[in-house]
Amino acid sequence: MRSFAERRESLLPKGREVRALALSTLTSRFGRGLFYTTLPIYLTRSVGLSVHEVGIGLTAGALVGLLGGVPGGRLADRVGPRLVRTACRFAEALMICGYLAIGGLPGFVVTAALVTLCESAGQAAEGALIAHAVDRNSRVRTRAYLRSVTNAGWMVGSALAGVALLSDTALGYQVVIVTSALCYGVSAAVTTQVPLSGAAPEKNAAGGRVAVLRDRPYLALTALNAVLTVNIGVFTVALPLYMAQRTHAPVALYAVFSVINTVVVMLFQVRASRRTETATGAARAQRRAGYFLLACCLCFAVADGTPAWVAVVFLFLGVGVHVVGELLHAAGSWGISFELAPEHAQGEYQGVYGVGRDLAQVVTPLVATTAMAGWGWAGCVLLGVVFLAAGCAVPPTTRWAIGHGSRPVPTPT
């Protein structure tokens, strides 16, 4: 058996490029957790916006952010992903400072839109940066490691945001905004140190055309991944409302569920990414995710209207099964998005794949809450069936994609 030190070493990032990416991710996600945990309260208490106006601004910002993915990815393919990722992080830092100057709804909408636009473009560039900074067989593992780092940074940032929430003063919220902006600035500076170990990508033969929009198999996989991405909103948005309105379980229990989910992702995302480095392996992971997400939704369905102890037991079971499905879905999405994208257009393809994911996150609050909190057990079952159908559709669609045009040949794992 391996010693604890050997196991710990296997989880640590190997290579200067991965350590730089990890530090950049940690600082930015710490700042993000700090910022977004306090943002709604800052907007209502210090700026004077209503809850309705906050919702409008955040939704508008999320919709505008959808426009940044593909242009950001194409720009990364042309001028280099490290430059675009760095520029977007610096831009996010500046735009976050804009929250200090907003005085009403119009200023909030503009600021939120600019922040999310930069974030969306930067995420597409980050996918391309990973593709050209680490070797092909390490891309998915690197993504998995960065997701664990993301959860750690967010958790610590959110916890420290409690200090500002307890003080509940305009000065406290302003300190949070400035600190968050500084974190993004540090993240941008660290990104400049990520070495590009891969060979320079060939020029895009498509010229000014968006090649990915003619790649029907990849677009189909993007849509299927978007459907599976709804599982995140099921946990973060719909579940607490479902617990409050349809079950007899204490709503405070959701805080425990949230901690369980965060810790499990931190500890096991890298392990869950094994054998997903190829497109076929990634497709199998997403199919398994569909089964787990169905089981999760069935557990949640049992909790509807049943005695409190029954609801608590099945909610715990559902949360445990959900996090397994979430891990498999995430790992599979990285393998598919990397392996089925041409090397010279990683940014463009990552941008489109990200738009599908982001669109799912925009519509999830309405779809998931209507299904679960509105329709109860029937809505839970319906969501589970949709997840299963999407997951099972991924392998045949992946085979279609592999046989469509010039694709990487899957290698055994």
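Visitor: Hi! How many aromatic pairs are there here?
Guide: The count comes to eight aromatic pairs. Bear in mind that this is a predicted model.

Visitor: Nice. What's the geometry between Phe35 and Tyr36?
Guide: Phe35 and Tyr36 make an edge-to-face pair, with 4.9 Å centre to centre and 80° between the planes.

Visitor: What about the pair made by Phe257 and Phe316?
Guide: Phe257 and Phe316 are edge-to-face too, at 4.9 Å centre to centre and with 90° between the planes. Phe257 sits in helix H10 and Phe316 in helix H12, so this pair ties together parts that are 59 residues apart in sequence. Phe257 is buried, at 0% relative accessibility, while Phe316 is partly exposed, at 35%.

Visitor: Let's stay with H10 and H12. At what angle do they pack?
Guide: H10 and H12 pack at about 35°, and their axes are 10 Å apart. Their crossing is right-handed.

Visitor: Which residues meet there?
Guide: On the H10 side they include Val256, Phe257, Ile260, Val264 and Phe268. On the H12 side they include Leu315, Phe316, Val319, Val323 and Trp334.

Visitor: OK, new topic. Which residues touch the most other members in the largest nonpolar core?
Guide: That core has 47 residues, and the ones touching the most other members are Val234, Leu239, Phe257, Phe300, Leu315, Met372 and Phe387.

Visitor: Which helices supply it?
Guide: At least two residues of this core come from each of helix H9 (216-246), helix H10 (253-272), helix H11 (279-302), helix H12 (308-339), H13 and H14. H9 gives the most, with twelve residues.

Visitor: Say I click on Phe300. What does it touch?
Guide: Not counting residues up to four places away in sequence, Phe300 touches Val234, Leu239, Tyr242, Leu315, Gly318, Val319, Met372 and Cys380.

Visitor: What other core lies apart from that one?
Guide: Another core, of 22 residues, lies apart from it, and Phe35, Ala112, Ala164 and Tyr173 are among its members.

Visitor: Switching to cysteines: how many disulfides does the search find?
Guide: The search of the whole structure finds zero disulfides.

Visitor: Let's hop to helix H4. Which of its residues are buried?
Guide: H4 covers residues 69-79, and its buried residues are Gly69, Val70, Gly72, Gly73, Arg74, Ala76 and Asp77.

Visitor: What covers them?
Guide: The cover includes helix H3 (51-65), helix H5 (81-97), helix H6 (105-133) and helix H13 (346-375).

Visitor: And what follows H4?
Guide: Gly80 follows H4, and its phi is positive, near 115°.

Visitor: Which residues other than glycine have a positive phi?
Guide: Asp168 is one of them, with phi near 50°. Asp168 lies in the loop between helix H7 (139-167) and helix H8 (170-191), and it is partly exposed, at 31% relative accessibility. Arg275 is another example, with phi near 65°.

Visitor: Where is Arg275, then?
Guide: Arg275 is in the loop between H10 and H11. Arg275 counts as exposed, at 58% relative accessibility.

Visitor: Last stop, Thr397. Where does it sit?
Guide: Thr397 is in helix H14, which runs over residues 377-402.

Visitor: Is Thr397 buried or exposed?
Guide: Thr397 is buried, with a relative accessible area of 13%. Its contacts, leaving aside neighbours within four places in sequence, are Pro217, Ala220, Leu221 and Leu224.

Definitions and conventions:
Residues are numbered from 1 along each chain as its sequence is written. This is a predicted model: local features need pLDDT of at least 70, side-chain atom pairs count only at pLDDT 80 or more; totals for chains, interfaces and linings use all residues. Side-chain values use heavy atoms; hydrogens and water are left out. Buried means under 20% relative accessible area, exposed over 50%, partly exposed in between (1.4 Å probe, protein chains only). Helices (H or I, at least four residues) and strands (E, at least two) are DSSP runs, numbered from the N terminus. Contact means heavy atoms within 4.5 Å. A nonpolar core is a set of buried Ala, Val, Leu, Ile, Met, Phe, Trp, Tyr and Cys residues joined through side-chain atoms within 4.5 Å. Rings of Phe, Tyr and Trp (its six-membered ring) pair if their centres lie within 6.5 Å; planes under 30 degrees apart count as stacked, over 60 as edge-to-face and the rest as tilted. A disulfide is a pair of cysteine sulfur atoms within 2.5 Å. Axes are lines fitted to C-alpha atoms, for helices over the stretch in contact, and angles run from 0 to 180 degrees between N-to-C directions. A crossing is left-handed if the near helix is turned anticlockwise from the far one by less than a right angle, and right-handed if clockwise.
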